[in-house]
Every structure is written in C-alpha cells, then in structure tokens.
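The following exercises concern one protein chain.

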Amino acid sequence: MAALYACTKCNQRFPFEALSQGQQLCKECRIAHPMVKCTYCRTEFQQESKTNTICKKCAHNVKLYGTPKPCQYCNIIAAFIGNKCQRCTNWEKRHGPPQPCEQCKQQCAFDRKDDRRKVDGKLLCWLCTLSYKRVLQKTREQRKQLASSSHTSLSQKEQLAHLSSGHYNSQKTLSTSSLQNEIPKKKAKFDSISTNGDSLSPDPALDSPGTDHFVIITQLKEEVASLKKVLHQKDQLILDKEKKITELRAEFQYQESQMRTKMNQMEKTHKDLVEQLQTMTDSSSMKPGKLHC
C-alpha cells in the first residue's frame, strides 16, 4: 500500500502526488484557500476567507500603526513607519542605496554584488523579479505540454507506420504466392504467343514495385516535419506574447507609480494650502478690533 501524507490544512491523508508542492495542501483546501497577493506588501499568502485580502503581518501592522503609505522607493503601499517599507529599509542597510530597475525604470533595485542573484544578467527590483520568474515558469509548463502532445502524436504516427508495414508485408506475401502460381501459366502463354510470331509486350501483373509502403512513410515524414515547424512557430509566438505582456506590465507599473507620485504631490500641495489658510485665519483673528465709544 502506498504511503499517505497529511494535508497541512485539513489533516486528511492523501497520496504525495495529490498534495501541492509548496504548502502541501489537498485539492479541496487549495480551492477553498487559494494563494492571493496582499493588498499592501504584495506578497502571496494563503487566503482564509474571501474578504481577507491582507496578510497577517500587514494586518498586525495596521492595528499598531494604521494605514500604510506608499514607499518612496518601490511605491508599494507598505510604509507603516516613515516613508520606506520594511523590505526596502532592510535591503538599503545591507546593499546600499537603490539603483534603477532595468525593467520598470524605478529607483527601487538593490545591487547585491552577485551576478547569480540577477535575472538573465539584469538588475531588477523585487516586483519585476517575481513577474519575470512567473513568466519563465509558465513558459516551461507550456513547453512541457507541447512536448508531451507532440511526443504522443509521434508515437501514434509510429504505430500507424508499423501497422501499415505489417499490412504491406502480408499483401506482399500473398502477391508472391499468387505470382508463383501464375508464372507457369504466363510462361505457357508466352511460349504459345512466341511460336505464333506475335510481338510481346510486358505484362503489368508481373510488375510489383510495392510503392504504397514508401508513399506512406514519405507522407508520415512530411507530417512530422510539418508538426515540428508548427511547434517551433507556436513557441516563438508564445515567447513574443510573453515579452509583450511583460512590457505591458512594466508600462502599467510605471504609469501606476507616476499616478501615485502625482497623487502624493497633490495631497501634499493641498495640505500645505490648508495649513497656509489656517495660519492666515489665525493671524487675522489675533489682530485687535476697533474700539467703539
């Protein structure tokens, strides 16, 4: 009997293949408690309920410090203390001030002085790194599915070729036996015709080239080559679409950061104007009024 493993959520036992790789959850628990992104820090967490959109860490910080502000580096709404989120604060202490991200062009990428940490040799911020890794993972999964489907189609073609070859061999055996029976008759007929002095033309029944088998093999080779060509074109199309999606996401993130910066500037300007008006009102109220006799 195969070993069973417990789900980390419902504690029911299932085969190892039925559990998720990361959280070790069964199928029902994965559907009931999906992985979602936190509204504030953008990290993935297991959702307890449909109304829960904030991770436990951010929920605890909201109770202590209130609603967070956008980080001055990455623009993620996770700055509970000061103007920087905890992630950027820690990375700035370890790796120095941030540098421009080569994807979203924001000043939020930290150089760890290690080329192995870079993504294809590029210095990316945290959000762009996660997005790039998701695209790569999705590409690998799609390539595996296409490879498995093409392998299945090729195996089916090989089986068809094998069956066609067996059918041709059986037909060849039958035709050989029939030819052996017909040769004496043809020879006698040939002798009788030659004695009469008539001209002799070759009999097509004696000619058995067996071209059907080679025609089938040629057709199968052409189909395999065509399938490989189509597979290559689909791979290239998928890569182009993923590249376009990444560019659109980067553009969206850039526009979002610009809007946040503009909103913060407008909020600051409005706050300064309110304070200025309040100061003018207080100063006018402190002036002595005219005395009436």
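Cysteine 108 is buried, with a relative accessible area of 5%; here buried means under 20% relative accessible area, exposed over 50%, and partly exposed in between (1.4 Å probe, protein chains only). The model is predicted: local features need pLDDT of at least 70, side-chain atom pairs count only at pLDDT 80 or more, and totals for chains, interfaces and linings use all residues. Residues are numbered from 1 along each chain as its sequence is written, and side-chain values use heavy atoms, with hydrogens and water left out.

**Exercise 1. Cysteine pairing**

Task: determine how many disulfides the structure holds, and examine cysteine 108 and cysteine 55.

Solution. 
Step 1. A disulfide is a covalent bond between the sulfur atoms of two cysteines. The criterion applied is a pair of cysteine sulfur atoms within 2.5 Å.
Step 2. The structure holds 0 disulfides. For cysteine 55, the nearest cysteine sulfur belongs to cysteine 58 and is 3.5 Å away, and cysteine 55 is in no disulfide.
Step 3. Cysteine 108 is likewise in no disulfide; its nearest cysteine sulfur, that of cysteine 125, is 3.9 Å away.
Step 4. Cysteine 55 is buried, at a relative accessible area of 8%.

**Exercise 2. Overall organisation**

Solution. 
Step 1. Helices (H or I, at least four residues) and strands (E, at least two) are DSSP runs, numbered from the N terminus.
Step 2. Read from the N terminus, the order of elements is β-β-α-β-β-α-β-β-α-β-β-α-α.
Step 3. A contact means heavy atoms within 4.5 Å.
Step 4. Of the 293 residues in the chain, 18% are buried.

**Exercise 3. Nonpolar cores**

Task: identify which residues of the largest nonpolar core touch the most other members.

Solution. 
Step 1. A nonpolar core is a set of buried Ala, Val, Leu, Ile, Met, Phe, Trp, Tyr and Cys residues joined through side-chain atoms within 4.5 Å.
Step 2. The largest such core has 25 residues, of which Cys38, Cys58, Cys74, Cys88, Cys101 and Cys125 touch the most other members. Two or more residues of this core come from each of α3 and β8.
Step 3. Beyond neighbours within four places in sequence, cysteine 88 contacts Cys71, Tyr73, Cys74 and Phe110.
Step 4. Another core, of 5 residues, lies apart from it and includes Cys7, Leu25, Cys26 and Cys29.

**Exercise 4. Salt bridges**

Task: find how many salt bridges there are, and characterise each pair.

Solution. 
Step 1. Side chains of opposite charge can pair when their charged atoms come close. The rule requires a side-chain nitrogen of Lys or Arg within 4 Å of a carboxyl oxygen of Asp or Glu.
Step 2. The count is 2 salt bridges.
Step 3. Glutamate 92 and lysine 84 form a salt bridge with an N to O distance of 2.9 Å. Glutamate 92 is partly exposed, at 22% relative accessible area, and lysine 84 is partly exposed at 26%.
Step 4. Arginine 260 pairs with glutamate 256, with the closest N and O atoms 2.7 Å apart. Both residues lie in helix α5 (residues 211–285), 4 residues apart, about one turn of the helix. Arginine 260 is partly exposed at 22%, as is glutamate 256 at 30%.

**Exercise 5. Loop residues**

Task: is aspartate 111 buried or exposed, and what are the phi values of arginine 42 and lysine 105?

Solution. 
Step 1. Aspartate 111 lies in the loop between β8 (107–109) and α4 (126–196). Its relative accessible area is 15%, so aspartate 111 is buried.
Step 2. Not counting residues up to four places away in sequence, aspartate 111 touches His95, Gln99, Lys118 and Leu123.
Step 3. Most residues other than glycine have a negative phi. Arginine 42, in the loop between β3 (35–37) and β4 (44–46), has a positive phi near 70°.
Step 4. Lysine 105, in the loop between β7 (99–100) and β8, has a positive phi of about 65°. Lysine 105 is exposed, at 59% relative accessible area.
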